[in-house]
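Me: I would like to understand how the labels given to parts of a protein model are decided. Could we go through them slowly, setting each value against its cut-off?

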Amino acid sequence: METEIELKFFVSPDFSSILKSKIEGMKVLQHSCRTLMNLYFDTPDQWLRQYDIGMRIRRTDDVYVQTVKTSGRVVAGLHQRPEFNAEHNSNEPDLSLHPIDIWPEGRDWQDLQNELVPLFETNFEREQWLLSMPDGSQIEVAFDQGVVSVGEQQTPICEVELELKSGQTESLFTLARLLSDKGGMRLGNLSKAARGYRLAQDYQSDPVVNLTLVETQADETVEGCFIASLEHALSHWLYHEQIYAEQDSIAALEEINESISFICQLFHVYGGIIPRRTSAILRQELKWLKNELLWLKNYQYLDELTEDKGYLLRKLDSQKYLVNELNSLQQALPDRAEMLGLLQSARYTAVLLDLSRWILSRGWQPFLDDKAKQKMGKNVASFAKKQLNRSWQELVEVFPPERSFSCQDYIDQQLCLSRNLYTGLAFASLFELELRTQFRLPWVDLMQGIDDLLTLTPLEQLQDQLDEDQQDQLDRWLKRQEHSILHAMEQTRAHCLEITPYWHD
């Protein structure tokens, strides 16, 4: 058995020339060009897929190799999977060539073999270089171009793979940074096999989903929870990046933004143990990326106002004019081409690579003193309660029950409220579902109220463009809307502050 450690990138066909120019100045131990023909197998009910097992027979000239890849780990494009290879002599699968104990329980391996059928093929030209890195590590670079096919259906393959053959994982990231410093490379966690399964199922894209709770275990350490939370956010990020690459989905971009905001809050939550200087560059780059996506909120507000031809504005004489102006504002926001350019930019790719490397190498550990190391090794439960309590105190301070709030007062606290909601995501699994839901939902409603207030902002900015009568009418309408939203928010805030925090014993 070998453990395959590799980084995958999606590129365009013309990236081949950029790749070759980069490699020219490096120490090349081997270079080859081959045609690889791969046939993938599974049962009709895709039993292997259910256990994240991939099985293929690869033919190169007249040489056959049967490969089984079992469940592994993917962090920001870095794939780590146990791999079993065996020489073969045909395209007929033979499970006896591999250790019997690699197959999941539930089916006899001989019965499994009888049920296997070919599902799809991946056939491509591979240009390959074995590079020697300055630290002695050896990395195989492959440029693959071809197709995944199921019968007459096809989807293109054009990607770069960097596989660590020997040495340090750090060198893999160093090379990736070098190759991507001009842009044009997008980290990918969707393998050729995954794309083959999707084609076999006639499945075009995954659904957009909200950022879910981190599955924190009761016996987890503080450090373990930190790592799990970061990996959870990265997985959510890349999942939605792939969706956006396949379709023009603003909702997918919004989920990427959610992931970034959650990661930023994790740095804050664990900042009492992990020195800020260890993540200074990462936080700076994440801040840059959040600024690049800042327009998404405006898009959301404009979308709500113009929905169904501006139905929300139906009682205004200026409805048609306002809808046209709002549409113009929305069209002036970054378009799909700009966003795809961002996702393939060198700086964006560097953020993902550096964050992934920081997690995998535990980049904070060299900066921890003995006291901090002890804290990181303790059970997460008490740490979680301390952080949730601190978060709660912040909310009580910024939303005191005895004070009346204006619209601007609520808007000013949007960031504080969102950060506290993200804190809850990291630790919620440690507590009873019903109690945490009762506590959290009113705060989520309050956050929605702030968004409802901000949705009115574009109309306020257009008010001066109307004639006097229309200005007065819009002004009255805005005041009614604000009063209605504010009344509901004041009731919600009072309810929020009455609920006993779910982490209190």
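Reply: Gladly; this is a predicted model, and its chain has 19 helices and ten strands. Along its principal axes the C-alpha trace spans about 80 × 55 × 50 Å, and of the 505 residues of the chain 50% count as buried.

Me: Why is Gln-46 called buried?

Reply: Buried means under 20% relative accessible area, and because Gln-46 has a relative accessibility of 14%, the residue counts as buried. Gln-46 lies in the loop between β2 (27-42) and α2 (47-50), and its phi is near 55°, a positive value in a residue other than glycine.

Me: What makes Arg-362 partly exposed?

Reply: Partly exposed is the class between the buried limit of 20% and the exposed limit of 50%, and Arg-362, at 22% relative accessibility, therefore counts as partly exposed. This arginine is found in the loop between α12 (346-360) and α13, and the phi of Arg-362 is also positive, near 55°, in a residue that is not glycine.

Me: How do you know that Lys-371 is exposed?

Reply: Exposed means over 50% relative accessible area, and Lys-371 has 56%, so the residue is exposed. Its place is in helix α13.

Me: Which residues gather with Lys-371 in a patch of positive charge on the surface?

Reply: Lys-375, Lys-378, Lys-386 and Arg-390 gather with Lys-371 in that patch. The elements that give two or more residues to the positive patch are α13 (370-377) and α14 (380-398).

Me: Which residues form the negative surface patch, and why is Asp-467, one of them, called partly exposed?

Reply: The negative patch is formed by Asp-317, Asp-467, Glu-468, Asp-469 and Asp-472. Asp-467 has its place in the loop between α18 (457-462) and α19 (468-498).

Me: Where does UniProt list "domain: CHAD"?

Reply: In an unreviewed entry, UniProt lists residues 219-483 under that name. In the model, the span of residues 219-483 is 76% helix and 0% strand, and its end C-alpha atoms lie 48 Å apart.

Technical notes:
Residues are numbered from 1 along each chain as its sequence is written. This is a predicted model: local features need pLDDT of at least 70, side-chain atom pairs count only at pLDDT 80 or more; totals for chains, interfaces and linings use all residues. Side-chain values use heavy atoms; hydrogens and water are left out. Patches are made of residues with over 30% relative accessible area and no salt bridge: like charges are joined within 9 Å, nonpolar side chains (Val, Leu, Ile, Met, Phe, Trp, Tyr) within 5 Å. Accessible areas come from the Shrake-Rupley method with a 1.4 Å probe; for residues, only the protein chains shown count as cover. A salt bridge is a side-chain nitrogen of Lys or Arg within 4 Å of a carboxyl oxygen of Asp or Glu. Lys and Arg count as positive and Asp and Glu as negative; His and the chain ends are not counted. The place of a charge is taken as NZ of Lys, CZ of Arg, CG of Asp or CD of Glu. Helices (H or I, at least four residues) and strands (E, at least two) are DSSP runs, numbered from the N terminus. UniProt positions are given in the numbering used here, feature names are shortened, and annotations may be inferred rather than shown by experiment. Buried means under 20% relative accessible area, exposed over 50%, partly exposed in between (1.4 Å probe, protein chains only).
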